[in-house]
Amino acid sequence: MRVTVRVGLQRLRSVAAAVVVLTAASTVAPAANAAPSAGMWLGAMDGGVFALGGAPFRGSGVGSGTTSPVIAIAGRPTGAGYWLATLGGDVRAFGDARLFGTLRGVRLNRPVVDITGTPSGNGYWMVATDGGVFAFGDARFYGGLGNVRINAPVASMAPSPTGNGYWLVGADGGVFAYGDARFYGSLGGSTMTSPVAALGATRDGRGYWLVRRDGMISAFGDAPNLGAATTSTSVAVGVVRSSSGAGYTVAYSDGDIRVFGDAVPISLPSVRLAAPLVGAAAAWASSSGFGLTLLDIFRALSTPPPRTTWPAAHQAALTFDDGPSSYTRGVLSVLQQYGVPATFFTVGYEVAAMPDLVRAEAAAGMSVEVHDWDHADLTRLSPAAIDSELQRSVDAVTSAIHARPNCFRPPYGSTNSTVVSEAAKLGLTQILWNVDPSDYLRPGAQTIAARVLSAASGRGLVIGIHDGGGDRSQTIAALPAIIDGLRARGYTLIKLC
Ligand code: ZN
């Protein structure tokens with residue numbers, strides 16, 4: 001396709017910023033009939049991308065030789081691609097996302113802090129901390145702060161639903177509306193203990209949320225305030241509305257993810273991240289921001305990457321949650337037919353009721369571990385109650401198979417340092433997952449298998465699926481394709497713990 005490039009250089013008062021408008025001569029239609037998943041991508045400063053809740057993994061910037069840290073992520077409305085932007089204004093495109101231009105080679109006076117896609121998915125804007133806005137593809141320039149003296153760095157931006165405007169927010173909570181984006185209020189002038197990190201717009205664009213570094217949410221216009229999770233140990237980096245608009249997800253730099261309203265619960269396995277998260281993106285919205293100060297960034301970059309707990313490359317662990325149930329024997333039968341070991345995170349009261357089933361798991365050479373006693377969210381419990389949930393589960397498994405479990409998986413992936421330390425007292429190591437095909441939503445066996453295989457890029461996999469908690473016939477039906485597909489991609493199937 002033919003692409004015309006117009007570059008306009010504009011002399012600004014304090015900075016020599018460039019306004020770059022790259023116009024595609026023909027438009028690229030979003031993939032027809034693609035059903036965007038409910039999932040979400042999280043971007044990390046080292047270029048890492050985590051695809052959760054059925055969002056497809058389409059590659060990452062890790063090891064790409066990019067010298068500038070990744071600072072933001074934006075998704076395509078097809079749900080099949082995403083962009084990463086670096087502090088230096090470089091952009092990398094993955095999946096069906098196309099590269100419409102970058103700021104590479106452009107002398108920036110201030111670092112880029114956010115990237116956000118147009119509603120068509122055929123363009124994007126980037127914004128720098130001085131409020132300079134850069135438009136690419138079908139994104140249009142409606143104004144910026146590049147020539148205005150501002151009190152605090154710009155932290156984040158979001159497009160209006162039409163794409164004919166956008167909001168910018170400063171770390172001091174000031175909101176700036178351009179084009180058809182309207183102003184619904186700001187935190188400008190108020191006293192804050194923590195700077196604003198990011199902005200997320202509502203579905204109809206008649207409101208927005210601001211999230212501060214400490215996780216506090218301020219809602220304006222028609223945006224509902226559905227609660228916030230504050231933290232002193234981490235930094236909020238993005239707030240993304242749910243697909244309906246009646247909820248939002250807040251992502252934190254340490255990998256914590258909190259959902260409010262009707263946002264789909266997702267979680268990142270609590271591996272120690274090699275680099276902090278910088279933002280979150282879904283098919284319908286994205287949010288990244290200046291949650292991390294430059295000081296944080298340089299600190300993060302100077303710290304050697306910690307060891308992660310994932311399996312080695314080309315190793316995959318099938319892990320089954322919420323059993324045992326009437327579907328467990330069906331799962332075991334396929335695993336045995338294919339000679340595949342797997343790991344079961346069992347629910348204590350089900351183990352107590354059906355010890356024969358976990359005995360069958362152990363007899364088949366499977367790893368029998370624990371979820372908790374009654375699928376409680378452990379983060380909502382006191383340390384004593386966490387201990388009780390896990391101890392009863394350990395006792396149930398131990399009495400059934402005469403072997404003690406070594407690992408646990410917190411229900412919902414909901415965990416914190418108290419959960420981890422209470423579990424450690426019982427000798428239990430926490431295991432989460434990095435592939436979630438959302439089999440519990442019963443999207444069809446083919447879809448379950450396809451989602452797992454789309455994550456099989458060679459990295460080590462912990463696949464979270466279920467043998468209990470509902471009708472698991474689709475999960476069982478998906479297993480042959482998952483196993484064959486992983487083996488065809490060079491994977492060895494392993495058990496954990
Ligand atoms: Zn579960």
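The exercises below work through a predicted model of one protein chain with a zinc ion.

Residue numbers start from 1 along each chain as its sequence is written. In this predicted model, local features need pLDDT of at least 70 and side-chain atom pairs count only at pLDDT 80 or more, while totals for chains, interfaces and linings use all residues, and side-chain values use heavy atoms, with hydrogens and water left out.

**Exercise 1. The whole chain**

Task: state how many helices and strands the protein chain has, and describe its burial, contacts and surface.

Solution: 
- Step 1. Helices (H or I, at least four residues) and strands (E, at least two) are DSSP runs, numbered from the N terminus. The protein chain has 8 helices and 28 strands.
- Step 2. Buried means under 20% relative accessible area, exposed over 50%, and partly exposed in between (1.4 Å probe, protein chains only). Of the chain's 497 residues, 57% count as buried.
- Step 3. A contact means heavy atoms within 4.5 Å. Take the contacts between residues at least 6 apart in sequence: 57% of them join residues at least 24 apart.
- Step 4. Accessible areas come from the Shrake-Rupley method with a 1.4 Å probe; for residues, only the protein chains shown count as cover. The chain exposes about 19200 Å², of which carbon and sulfur atoms supply 52%.

**Exercise 2. The nonpolar cores**

Solution: 
- Step 1. A nonpolar core is a set of buried Ala, Val, Leu, Ile, Met, Phe, Trp, Tyr and Cys residues joined through side-chain atoms within 4.5 Å. The largest one has 30 residues, and Leu318, Phe320, Leu335, Ile463 and Leu486 have the most contacts inside it.
- Step 2. H8 gives the largest share, 6 residues.

**Exercise 3. The zinc site**

Task: list the protein donors of the zinc ion and their spacing along the chain.

Solution: 
- Step 1. Donors are N, O and S atoms within 2.8 Å of the metal (3.2 Å for Na, K and Ca); water is not among the atoms, so sites may look incomplete.
- Step 2. The protein donors are Asp322 (OD), His371 (NE2) and His375 (NE2), at 2.0 to 2.1 Å from the zinc ion.
- Step 3. Their spacing along the chain is D-x48-H-x3-H.
- Step 4. Histidine 371 counts as buried because its relative accessibility is 2%.

**Exercise 4. Salt bridges**

Solution: 
- Step 1. Side chains of opposite charge can pair when their charged atoms come close. A salt bridge is a side-chain nitrogen of Lys or Arg within 4 Å of a carboxyl oxygen of Asp or Glu. By this rule there are 9 salt bridges.

**Exercise 5. Glycine 39**

Task: is glycine 39 buried or exposed, and which residues is it in contact with?

Solution: 
- Step 1. Glycine 39 sits in the loop between strand S2 (18-24) and strand S3 (40-44).
- Step 2. Its relative accessible area is 3%, so glycine 39 is buried.
- Step 3. Leaving aside neighbours within four places in sequence, glycine 39 is in contact with Leu52, Gly53, Ala55, Ala282 and Trp284.
- Step 4. Alanine 51 is 12 residues from glycine 39 in sequence and 7.3 Å away in space, C-alpha to C-alpha.
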